[in-house]
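Have a look at the model first, then read on.

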Amino acid sequence: AVFVDPRGGVHTALENTQPPSLLVGAEALSLAPGALAFLLARALVLCGHGWALVGKFAPKDLLILAELASRFAGGEPPALGLPAPRAGAFLQALSGSVPAETREWARPLGPASAGELRDFDARAFTGALQGTAARVALLYAGDVHGALVALSGLVPGAAEVEPARALELPDLGDLALFALSDLYAELRQAAL
């Protein structure tokens with residue numbers, strides 16, 4: 001479900017409802033078509049990767065969520081912040097609410113996920129999800145300027161940076177470098 005956020009601003013926010021809800025800042029509706037397409041495509045890519053839930057957590061809490069998911073799938077991950085007595089209650093609640101076919105699908109992932117959690121960096125993970133979503137959204141929208149304008153509305157501190165220095169911000173710089181790459185040209189051509 002999509003809703004307009006009357007507080008304004010150029011932003012999107014995903015809410016962990018069933019199905020997920022997308023809030024779009026009212027000022028985003030005045031963006032050029034390519035910028036708006038980028039903004040919405042980025043939000044949908046994030047939604048498809050679980051951002052409605054993952055995006056709500058601080059890095060420490062995301063580690064706990066990942067530990068819980070691994071345990072639920074039968075893994076034995078390192079302790080990442082979930083006290084053992086509380087894990088049982090969470091796992092019992094999940095067992096009662098997660099469909100059997102989902103539990104069966106997740107079971108083979110448990111042992112491998114436990115191993116991967118030993119080196120899991122929650123900040124790098126969320127940054128990579130956001131960067132990937134921006135690159136996929138740019139491939140969809142095809143409007144580099146619009147994408148950078150829309151993304152600058154989402155990057156904290158971007159409004160205070162001189163336009164000539166905006167690409168020094170990691171998120172904007174990463175997207176600009178991708179837009180200038182041969183890979184972008186090849187993927188965009190394939191998308192068309």
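A salt bridge here means a side-chain nitrogen of Lys or Arg within 4 Å of a carboxyl oxygen of Asp or Glu. Keep in mind that this is a predicted model. By that rule, the count comes to six salt bridges, and a few of them are picked out below.

**Salt bridges**

- Glu168 and Arg165 pair up through their side chains, with N to O at 2.7 Å. Glu168 counts as exposed at 54% relative accessibility, while Arg165 is partly exposed at 43%.
- Asp174 and Arg135 form another one, at 2.6 Å from N to O. This pair ties together distant parts of the chain, 39 residues apart: Asp174 sits in helix 9 (residues 170–179) and Arg135 in helix 7. Asp174 is partly exposed, with a relative accessible area of 34%, and so is Arg135 at 24%.
- Lys56 and Glu15 meet at 3.3 Å, N to O. They're 41 residues apart, with Lys56 in the loop between helix 2 (51–54) and helix 3 (59–72) and Glu15 in strand 2 (residues 12–15). Lys56 is partly exposed at 46%, as is Glu15 at 29%.

**Helix packing**

- Helix 1 (residues 33–48) packs against helix 7 (residues 122–141) at about 135°, with the axes 8 Å apart. That makes the two helices oblique to each other, and their crossing is right-handed.
- On the helix 1 side, the contact residues include Phe38, Arg42 and Leu46; helix 7 brings in Leu129, Gln130 and Tyr140, among others.
- Sorted by class, this contact has 13 nonpolar, two polar and one charged residues.

Technical notes. Residues are numbered from 1 along each chain as its sequence is written. This is a predicted model: local features need pLDDT of at least 70, side-chain atom pairs count only at pLDDT 80 or more; totals for chains, interfaces and linings use all residues. Side-chain values use heavy atoms; hydrogens and water are left out. Axes are lines fitted to C-alpha atoms, for helices over the stretch in contact, and angles run from 0 to 180 degrees between N-to-C directions. Helices (H or I, at least four residues) and strands (E, at least two) are DSSP runs, numbered from the N terminus. Angles under 35 degrees count as roughly parallel, over 145 as roughly antiparallel, 65 to 115 as roughly perpendicular and the rest as oblique. A crossing is left-handed if the near helix is turned anticlockwise from the far one by less than a right angle, and right-handed if clockwise. Contact means heavy atoms within 4.5 Å. Ala, Val, Leu, Ile, Met, Phe, Trp, Tyr, Cys and Pro count as nonpolar, Asp, Glu, Lys and Arg as charged, and the others, Gly among them, as polar. Buried means under 20% relative accessible area, exposed over 50%, partly exposed in between (1.4 Å probe, protein chains only).
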